[in-house]
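Reader: Could you walk me through a structure the way you'd read it yourself? I'd like the general idea of each feature and then the case at hand.

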Amino acid sequence: QVQLVESGGGLVQAGGSLRLSCVASGRTFTTYNMRWFRQAPGKEREFVASITWSGGSTYYADSVKGRFTISRDNARNTLYLQMNSLKPEDTAVYYCNADIRTRGTTSGYWGQGTQVTVSS
């Protein structure tokens, strides 16, 4: 069983920074593209950023471009999201998502989410 566990969320003032982490764990798996999504109260889950297996390509939602940076450490099976210049509208539960191959099958996995609250 493969699991994704996020951490690093919290309460921060507008203009501040946070760094989210997402660790993949389990037996015999390979992680491919990884992504961050977020869901604010009363809204649908939305894409934030993605990164390819090699880390060579990254993509961002327009709302976070220039403020957030996605990265990964494959040796540690860890995905990161550095969030700078945070705004109150960034308040949401942030979810890690990954395409993971295990036991011959590739599937999408989600973490449980970590709360980010930005005060004005």
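Author: Let's start with C96, which counts as buried because its relative accessible area is 0%; buried means under 20% relative accessible area, exposed over 50% and partly exposed in between, using a 1.4 Å probe and protein chains only. Before going on: this is a predicted model, where local features need pLDDT of at least 70 and side-chain atom pairs count only at pLDDT 80 or more, while totals for chains, interfaces and linings use all residues. Residues are numbered from 1 along each chain as its sequence is written, and side-chain values use heavy atoms, with hydrogens and water left out.

Reader: Which residue does a disulfide join to C96?

Author: A disulfide is a pair of cysteine sulfur atoms within 2.5 Å. Here C22 is the partner, with S to S at 2.1 Å. The pair links distant parts of the chain, 74 residues apart: C22 sits in strand β3 (residues 18-25) and C96 in strand β9 (residues 92-102). Strands are DSSP runs of E, at least two residues long, numbered from the N terminus. C22 is buried too, at 0% relative accessible area.

Reader: What is the handedness of the disulfide?

Author: Look at the torsion about the S-S bond: for C22 and C96 that is about -75°, so the disulfide is left-handed.

Reader: How do I read strand pairing, say for β3 and β8?

Author: Two strands pair if DSSP finds at least two bridges between them. β3 and β8 run antiparallel and are joined by six bridges, with V23 opposite T78 in β8. Strand β7 (residues 68-73) also pairs with β8 in the antiparallel sense, over six bridges, and there R72 stands opposite L79. Between the strands of the β7 and β8 hairpin lie four residues, and N77 takes a positive phi near 50° in this hairpin.

Reader: How many of the residues in β8 are buried?

Author: Five of its six, so to speak a mostly covered strand.

Reader: And D90, is that buried or exposed?

Author: D90 is buried, because its relative accessibility is 0%. You'll find D90 in the loop between β8 (78-83) and β9.

Reader: What does the side chain of D90 reach?

Author: The backbone nitrogen of K87, at 2.8 Å. For contacts, meaning heavy atoms within 4.5 Å, D90 touches R38, R67, F68, S85, V116 and V118, not counting residues up to four places away in sequence.

Terms used: Polar contact = N/O pair within 3.5 Å; in protein donor to acceptor, adjacent residues only side chain to side chain.
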